[in-house]
Amino acid sequence: MDFTFTEQQQAFRDAVASFARKELADGALARAHTPEFPREVARKMAGAGLLGITIAEADGGSGGTLMDAVLAIGEVARFCPRSADVIAEGNFGAIRVLAHFGTDDQKRRYLAPLLKGEELIVVAMTEPDAGSATTDLVTSATPDGQGFRINGSKVFPNPHADQYMVYVRYGPGVDGIGSVLLRRSAKGFSIGKPAKFMSGAHWAPIFFDNVYVPPEDVLLPAGGFKKQIAGFNAERVGNAARSLAYGQYCFDAARDYAKDRKQFGRALCEFQGLQWKFADMKVKLDAARLLIYRAATNADRGFPAADETTIAKLMCNQVGFDVANEALQVMGGLGYTEETLVEYCLRRSRGWMIAGGSIEMMKNRLAEIIFERRFSQRAPKNKSEVESRKSKEK
Ligand SMILES: Cc1cc2nc3c(=O)[nH]c(=O)nc-3n(C[C@H](O)[C@H](O)[C@H](O)COP(=O)(O)OP(=O)(O)OC[C@H]3O[C@@H](n4cnc5c(N)ncnc54)[C@H](O)[C@@H]3O)c2cc1C
């Protein structure tokens, strides 16, 4: 076991830091308060080879590892927290699933513009009545000739995306779920009024009114749900990596502040009450970092394992939020203003405790891994199911 970076990783990290310092540090505050996706950043990152880090060179990516992409999130967030989203969308989320399961034709039509920073893809999974219970989704894909007609609605996706990876139901049960690709220009597709998350970013409901999806735009047919979720573990690593990176950003800001700010004639860092906060924050950040590095390193060029991803997401989400919160406290009134990005990081990291599998659902998943059995979250349908569950619990 080796806890040091390779020369290659170190060089990559330095290169990303120097890109972020030069290209992203200016305007970081304004970017965080803009609800739209920072497209100019995506174009710059495409030019620097930071979109598709983990995607094979044959598919237009850089052929790097998931760990490289995690390192990139950390370095970018040090200079511009909001721009870390571009690394996440360009490496971890729907783009990874598309690159893994897409046909050559889909990669040409959908993946290529993403890698150039010209378009944005997001997952449309959550529905008004299917949040944590994802498999309750009802958005239907009904055969029409060779293709499908999509009907239903989704909530919470970014309304400014160009492409949507839509989870659909081709038939009953978990095995009836798969996904399709579509563009916002598709006939019958519409976007509701944008609203704001606590982070300030936009979301909106989206609607499918008999949208025709040709066979060549089916990403995963019925039976694809497990594959989709395996790919979603990469998204979870991106989510967790941003939590950690935001915690680190706030820690650094608070440490610098505590060195300079004087009260009672002494620097804040000389008060033991604050020193202990920093000691606790440092331990948490290091522990979370080791867990996310483990998940990313073991994934190498594949998808990360469910257990390591779940543990890393739980830890990073909690630590990112806790550290941002403590750092804000150290910075007093200034921390609570929009003059620094600490309050933004706090608001933003709160969302990752819900998105991509909430803290509670991650703990449910971990319990299943620990006990090596499934625990249905659903109410039993009848008396015999109650009895059968009781006997399993004995
Ligand atoms: C910032 C942000 C970005 C998002 N982006 C997207 C996106 O791009 N695309 C998309 O499709 N969706 C997106 N979502 C939606 C997200 O996936 C859902 O919010 C999430 O899955 C939870 O669903 P819900 O909001 O319906 O909460 P619910 O499922 O209604 O849960 C409410 C609360 O109950 C808890 N709970 C539910 N079931 C259980 C259980 N069995 N045991 C214990 N606790 C339970 C939950 O953890 C939660 O705390 C985003 C959400 C956020 C906050």
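## A residue to start with

Is threonine 139 buried or exposed? Threonine 139 is buried, with a relative accessible area of 0%; buried means under 20% relative accessible area, exposed means over 50%, and partly exposed lies in between, using a 1.4 Å probe and protein chains only. You will find threonine 139 in the loop between strand 1 (121-124) and strand 2 (140-144). Helices (H or I, at least four residues) and strands (E, at least two) are DSSP runs, numbered from the N terminus.

Before going on, a word on the model: it is predicted, local features need pLDDT of at least 70, side-chain atom pairs count only at pLDDT 80 or more, and totals for chains, interfaces and linings use all residues. Residues are numbered from 1 along each chain as its sequence is written, and side-chain values use heavy atoms, with hydrogens and water left out.

## Loop neighbours

Leaving aside residues up to four places away in sequence, threonine 139 touches Glu127, Ile150, Asn151, Gly152, Ser153, Lys154, Tyr167, Val168, Arg169 and Phe208; contact means heavy atoms within 4.5 Å. Between threonine 139 and serine 153 there are 6.3 Å in space, C-alpha to C-alpha, and the two are 14 residues apart in sequence.

Glycine 176 sits in the loop between strand 4 (163-169) and strand 5 (177-183). Glycine 176 is buried as well, with a relative accessible area of 4%. Its contacts, again not counting residues up to four places away in sequence, are Val168, Arg169, Tyr170, Gly171 and Ala222. Phenylalanine 225 is 49 residues from glycine 176 in sequence, and their C-alpha atoms are 8.1 Å apart.

## Helix 8 and its partners

Two packed helices are described by the angle between their axes and the distance between the axes. Here, axes are lines fitted to C-alpha atoms, for helices over the stretch in contact, and angles run from 0 to 180 degrees between N-to-C directions. Helix 8 (residues 225-260) and helix 9 (residues 272-299) have axes that come within 10 Å and cross at roughly 155 degrees. That makes helix 8 roughly antiparallel to helix 9; angles under 35 degrees count as roughly parallel, over 145 as roughly antiparallel, 65 to 115 as roughly perpendicular and the rest as oblique. Their crossing is left-handed, a term for a near helix turned anticlockwise from the far one by less than a right angle, with clockwise giving right-handed. Among the residues that meet are Leu244 and Phe251 in helix 8 and Phe278 and Leu285 in helix 9.

Helix 4 (residues 66-79) also packs on helix 8, at an angle of about 35 degrees and with the axes 9 Å apart. This crossing is right-handed. Leu66, Val70, Ile73, Gly74, Ala77 and Arg78 of helix 4 make the contact with Val237, Gly238, Ala241, Arg242, Ala245, Tyr246 and Tyr249 of helix 8. Those residues divide into nine nonpolar, two polar and two charged, where Ala, Val, Leu, Ile, Met, Phe, Trp, Tyr, Cys and Pro count as nonpolar, Asp, Glu, Lys and Arg as charged, and the others, Gly among them, as polar.

Helix 12 (residues 342-351) is mostly covered, with eight of its ten residues buried. Among the buried ones are Tyr344, Cys345 and Leu346. The packing partners of these buried residues include helix 8 and helix 10 (306-330).

Helix 13 has Ile359, Met362, Leu366 and Glu368 as its buried residues, and they pack against helix 8 and helix 10. The axes of helix 10 and helix 13 come within 10 Å and cross at roughly 145 degrees, and the crossing is left-handed.

Most residues other than glycine have a negative phi, and most peptide bonds are trans. Glutamate 372 is exposed, with a relative accessible area of 73%.

Phenylalanine 264 has a positive phi of about 55 degrees although it is not a glycine. Its place is the loop between strand 11 (262-263) and strand 12 (266-267). Phenylalanine 264 is exposed, with a relative accessible area of 78%.
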